[in-house]
Amino acid sequence: MVALQSASYYVVSMMPPKTATSGSSAPVPGFDAPLEVLADCHVRMLAQCSTLQRLAAHGAAPWADEAAQTAAHNVIRYFDGSGRYHHQDEEQDLFPALIESMAGSDPVCIRQLVDSLTREHREMELRWQTLKAWLAGIEAGDAVAPPQDEIDLFVDQYQRHIAREEQELLPMAARLLESSVLSRIGEAMRQRRGMRPR
Ligand SMILES: [Fe+2]
Ligand SMILES: [Fe+2]
């Protein structure tokens, strides 16, 4: 069992990764650059996965620790909010735009890729429900044993999923999508979050 960490340990793990790991002051990309926003979300998702693993490493430690409760709350908020929006961004905007960009030819490879990625979204969302119940217990201060196998599967699947999107999906989108289409995608992403234009 790993000893409980200080509050700052979790605070760092919850910070935007660019700031937390490198000290970079690089600005968060705006919706006029939707592919960059999606890539930035990937970094944040992986940071949330790291927090999950840290929380699980506490085993049956006393969950009254305020920092652990806050971290659990933030992970729940992320995957129920931004994480869900991210899947919708891809499935409702990016994937259809990619298929449309291949109109006139047979986009079989793109269809296979987006179908596979969409299936993985559903699997990860299902797995998330188990993890969410565990995190809600931590948040409530209950002594709940971590579902270690599910946590490992969830994190591993997210890592592999994101690696494939970074290596195949986003480069393909950057190659195929015209700027007007990217603008449309970015606008849809902004509206999905109910955010004002900046
Ligand atoms: Fe995805
Ligand atoms: Fe993604």
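A residue is taken as buried if 20 or more other C-beta atoms lie within 10 Å of its own, as exposed if 12 or fewer do, and as partly exposed in between, with C-beta atoms placed from the backbone. The model is predicted, and local features need pLDDT of at least 70, side-chain atom pairs count only at pLDDT 80 or more, and totals for chains, interfaces and linings use all residues. Residues are numbered from 1 along each chain as its sequence is written, while chains are lettered from A and ligands numbered from 1 in the order in which they are written.

Helices here are DSSP runs of H or I with at least four residues, numbered from the N terminus. Helix α7 covers residues 148–176. Its 29 residues reach 40 Å from first C-alpha to last, close to the expected 42 Å, where the expected span is 1.5 Å times one less than the number of residues. At Glu165, α7 bends by about 40 degrees, the bend being the angle between axes fitted to the seven residues ending there and the seven starting there.

Buried in α8 are Ile185, Gly186 and Met189. Seen down the axis of α8, these residues fall within an arc of 100 degrees, so they line one face of the helix; the arc is that of the directions from the helix axis to the C-beta atoms. The face turned away from this buried side carries Ser180 and Gln191, both exposed. Just after α8, Gly194 takes a positive phi of about 65 degrees.

Definitions and conventions
Helix = DSSP H or I, 4+ residues; strand = E, 2+ residues; numbered from the N terminus.
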